[in-house]
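Subject: A structure for you to look at

Hello,

Here is the structure I promised to pass on. Please open it beside this email and follow along as you read.

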Amino acid sequence: PLLLGLAYSGTIGGMATLVGTPPNLIYADLLATLFPAAPPVTFLGWLAFGVPYAAFFWVLVALHFYVWFLRRLDADVANVMQAACRQELEELGKVSYEERAVAATFLVLMFGWLLRGQMGEFDGWAALFMHPSYIGDGTWALLCTIPLFLVPSAQRWPDGRAKM
């Protein structure tokens, strides 16, 4: 059941966003190449299409797993699984400085992807540049990733050096 759940989650999650799987990006590029007059596929536009489908299939898979696997679980096995999950969650501890930095960067990345292209009357932030067509989703992803290499780590070795 675990590997089946991983396969389903990868497929469902990949369908939700434009950058979720390579076929989504290939489709967007082929559409722009073969039909130049068609409106471009934006990150927000893909979310409007992909998230409802992903939510529907998530519910469908959750029901499937409940009916075929979880409903048939022995109560003792379920209790052991819950205890193991609680123990793992406690062992994780508090969220570290580095994890917060990555989460903040990811939020900036998501908002940049959402607000880059044209949305109705709003042109998006890419229109601020001389050649907005040069600014793509990959450009923004790289611009958001580079600062992660510059943020110092809060973890230190016993001699005071920062851990890499």
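Below is what was found in it, one topic at a time.

This is a predicted model, in which local features need pLDDT of at least 70 and side-chain atom pairs count only at pLDDT 80 or more, while totals for chains, interfaces and linings use all residues. Residues are numbered from 1 along each chain as its sequence is written, and side-chain values use heavy atoms, with hydrogens and water left out.

**The nonpolar cores**

A nonpolar core is a set of buried Ala, Val, Leu, Ile, Met, Phe, Trp, Tyr and Cys residues joined through side-chain atoms within 4.5 Å. Buried means under 20% relative accessible area, exposed means over 50%, and partly exposed is in between (1.4 Å probe, protein chains only). The largest core has 14 residues, and those touching the most other members are Leu-18, Phe-43, Leu-109, Trp-113 and Trp-140. At least two residues of this core come from each of helix H3 (43-70), helix H5 (97-116) and helix H6 (137-150), with H5 giving the most, 4 residues. Helices here are DSSP runs (H or I, at least four residues), numbered from the N terminus.

Have a look at Trp-113: not counting residues up to four places away in sequence, Trp-113 touches Val-19, Phe-43, Asp-137, Trp-140 and Ala-141. Contact here means heavy atoms within 4.5 Å.

**Helix H6**

Which residues of H6 are buried? They are Asp-137, Trp-140 and Cys-144. Seen down the axis of H6, these buried residues fall within an arc of 75° (taken from the directions from the helix axis to the C-beta atoms), so they line one face of the helix. An α-helix has 3.6 residues a turn, so residues three or four places apart point the same way. H5 is part of what covers the buried residues of H6. On the other side of H6, Leu-142, Phe-149 and Leu-150 are exposed.

**Cysteines and a loop**

Cys-144 counts as buried because its relative accessibility is 8%, whereas Cys-85 is exposed, at 55%. The count of disulfides (pairs of cysteine sulfur atoms within 2.5 Å) comes to 0.

Ser-133 sits in the loop between H5 and H6 and is exposed, with a relative accessible area of 67%. The C-alpha atoms of Ser-133 and Met-119 are separated by 15 Å, and these residues are 14 apart along the chain.

Thr-42 lies in the loop between H2 and H3. Is Thr-42 buried or exposed? Thr-42 counts as buried, because its relative accessibility is 17%. Leaving out residues up to four places away in sequence, Thr-42 touches Leu-18 and Gly-117.

Met-15 belongs to helix H1 (residues 2-16) and is partly exposed, with a relative accessible area of 25%. Beyond its neighbours within four places in sequence, Met-15 is in contact with Asn-24, Trp-46, Gly-50, Tyr-53, Ala-54 and Phe-57. Met-15 and Tyr-53 are 38 residues apart in sequence and 7.9 Å apart in space, C-alpha to C-alpha.

Enjoy exploring it!

Best wishes
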